[in-house]
Amino acid sequence: MELAVVGAGYVGLVTSVCLSEIGHHVTCIELDKSKVDKLKKGISPIYEPGLTELMMKNVNLGRLSFTTNYLEGFKNKDVIYIAVGTPENEDGSANLSYVDDVAKIIAKNVKRDAIVVTKSTVPVGTNNRIQTIINNHKPSYISIEVVSNPEFLREGSAIYDSFHGDRIVIGANSEKAAKLIEEINKPFNIPIYITGIRSAEMIKYASNAFLATKISFINEIANICERVDADVEQVAYGMGLDHRIGSHFLNAGIGYGGSCFPKDTKALIQIAGNVAYDFELLQGVVNVNKKQQRILLDKLYDRFGNLKGKKIALLGLAFKPNTDDMREAPSISISSELVKAGAIVYAYDPIAIDNAKQILDSSIHFVYNIEQAIGGADAALILTEWDEIKNMDFNLINTMKYPLLIDGRNCIKLKDIKPYQIEYHSIGRSSVK
Ligand code: NAD
């Protein structure tokens, strides 16, 4: 089928590449010319395992192209996907200005009947709003129907997820539109669930809120484990054996970050608030996550009292491994607190370092390997569980001023660290001294 995707970010680019991989002809339209210039040279503007190879394969097969030009991008297209950002407003609600802009752009530039599919995460009622905007601006001789198709991919495994996801949700007002989008997605061979539009919008928020709840829940349990001498890893494993609970998303650590959970939890609280419903549980989840991001700092203060002049190494900066995405990464608040406390911060990340430089305090020393980060340091904090960091040579710890390793992701096995002369702390597990 002939498809267009508006937005070449984490979702838009991956969607474009994967839809072209299953045989559709896709034009990806991006506002940012520098991104399109890169894409045309075969360079992905984001880091995502396997993305560049698959992108180049489909560009070379003539199934995938990039443009900044809407008229060209929409020409002869049956379906147009919206995959632009819905960032957080100051009050926590979702900023819909990019989505609204695209709705107007579609109405003014599409010259034939089409289906518009919203991939962006949008509050309940937004697809109706998109439909209204389009109806108000489109020529009367064409018909455009809006369908909701929320995205569930995870950064770092986005390509894998696109082909092995648990479900594809399609929310539509008409059976005809739902069937067309189902047809497009059939080659992915993933269960498809067709719902009403409002339910599809809600499924996305409810899913992210539930996952965030699991994370905050296990983090609270971890904090109690530390105080009662239990081991959160054993507790989580024992809980997860119960199929009603499930073993996923029960890893204690410094809390969730990224471009989705923080903003989507707050947006759902707003969505509830708009209909005079106080979503107390989710507010608790958000509060716990904020508190959890401070936990490594508390451990440092317990250990040193004062952090002024202490050299602290940060290992991993991205919000999770296998991505260069720094949005809402715990490293942002942790590094900023360390700088405020007068610590000398050295920071290393295998991939996200260039993005981190643009966001984190300019006094931070950005280095290009673990050795440079921890040499002479008073303490090292693991913030992202990259393989390279998990599997680091513990002998390197000898180059630190003091061999203190605090693991914010519980990514090192206690038995592996025990043979070394390292003081090791993690979240909800016993310390090694
Ligand atoms: P992003 O910021 O990485 O990408 C958005 C892209 O859209 C940018 O490149 C931007 O320049 C472009 N854009 C904005 N306005 C445009 C316009 N008028 N025309 C053309 N391009 C335009 O955002 P993202 O992370 O890909 O997220 C997109 C949506 O998907 C959000 O609603 C997000 O909540 C949702 N989502 C994201 C993820 C994720 O893991 N990133 C997962 C599921 C859902």
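Two residues are in contact if their C-beta atoms, placed from the backbone, lie within 7 Å. Keep that in mind for the views below, which all come from a predicted model.

**View 1. The whole protein at a glance.** Among contacts in the protein between residues at least 6 apart in sequence, 70% join residues at least 24 apart. The protein contains 18 helices and 14 strands. Its radius of gyration is 23 Å, close to the 22 Å that the globule rule gives for 433 residues, so the protein is as compact as a globular protein of that length. Along the principal axes, the C-alpha atoms fill a box of roughly 75 × 50 × 35 Å. Of the 433 residues, 47% count as buried.

**View 2. The shell around the ligand.** Here you can look at the 28 residues around the ligand, of which Gly 7, Gly 9, Val 11, Ser 120 and Thr 121 come nearest. The largest share, 4 residues, comes from helix 5. Sorted by class, the shell has 13 nonpolar, 8 polar and 7 charged residues.

**View 3. Helix 9 from end to end.** This helix runs over residues 197–228, which makes 32 residues. From its first C-alpha to its last it reaches 47 Å, close to the 46 Å expected at 1.5 Å a residue. Just after helix 9 comes Asp 229, with a positive phi of about 60 degrees.

**View 4. Phe 249 and Gly 257, from one UniProt annotation.** An unreviewed UniProt entry places the feature "binding site" at twelve positions, including Phe 249, Gly 257 and Lys 320. These positions span 169 residues in sequence, and the farthest two C-alpha atoms are 23.9 Å apart, so they do not all gather at one spot. Phe 249 lies in the loop between helix 10 (232–240) and helix 11 (261–274), and Gly 257 is found in the loop between helix 10 and helix 11. Gly 257 is buried, with 24 other C-beta atoms within 10 Å. Leaving aside residues up to four places away in sequence, Phe 249 touches Leu 211, Lys 214 and Ile 215. With neighbours within four places again set aside, the contacts of Gly 257 include Phe 319, Glu 328 and Pro 330.

**View 5. Glu 155 and Lys 263, from another UniProt annotation.** The unreviewed entry also places a "binding site" feature at Lys 35, Thr 86, Thr 121, Glu 155, Lys 263 and Arg 327. They span 293 residues in sequence, and the farthest two C-alpha atoms are 24.3 Å apart, so they do not all gather at one spot. Glu 155 sits in the loop between strand 6 (144–148) and helix 7 (158–164), while Lys 263 is part of helix 11. Glu 155 is buried, with 24 other C-beta atoms within 10 Å. Lys 263 is buried, with 23 other C-beta atoms within 10 Å. Which residues does Lys 263 touch, not counting residues up to four places away in sequence? They are Pro 87 and Glu 88. On that basis, Glu 155 touches several residues, among them Tyr 10, Glu 48 and Lys 320.

View 6. The unreviewed UniProt entry gives residues 313–414 the annotation "domain: UDP-glucose/GDP-mannose dehydrogenase C-terminal". The end C-alpha atoms of residues 313–414 lie 21 Å apart. This span is 27% helix and 18% strand.

Key:
Residues numbered from 1 in each chain as written. Predicted model: local features only at pLDDT ≥ 70, side-chain atom pairs only at ≥ 80, totals over all residues. Near = placed C-beta within 6 Å. Helix = DSSP H or I, 4+ residues; strand = E, 2+ residues; numbered from the N terminus. Nonpolar A, V, L, I, M, F, W, Y, C, P; charged D, E, K, R; others polar. Expected span 1.5 Å × (residues − 1). Rg over C-alpha atoms; globule rule 2.2 N^0.38 Å. Buried ≥ 20, exposed ≤ 12 C-beta atoms within 10 Å, placed from the backbone. UniProt positions renumbered as here; feature names shortened; annotations may be inferred.
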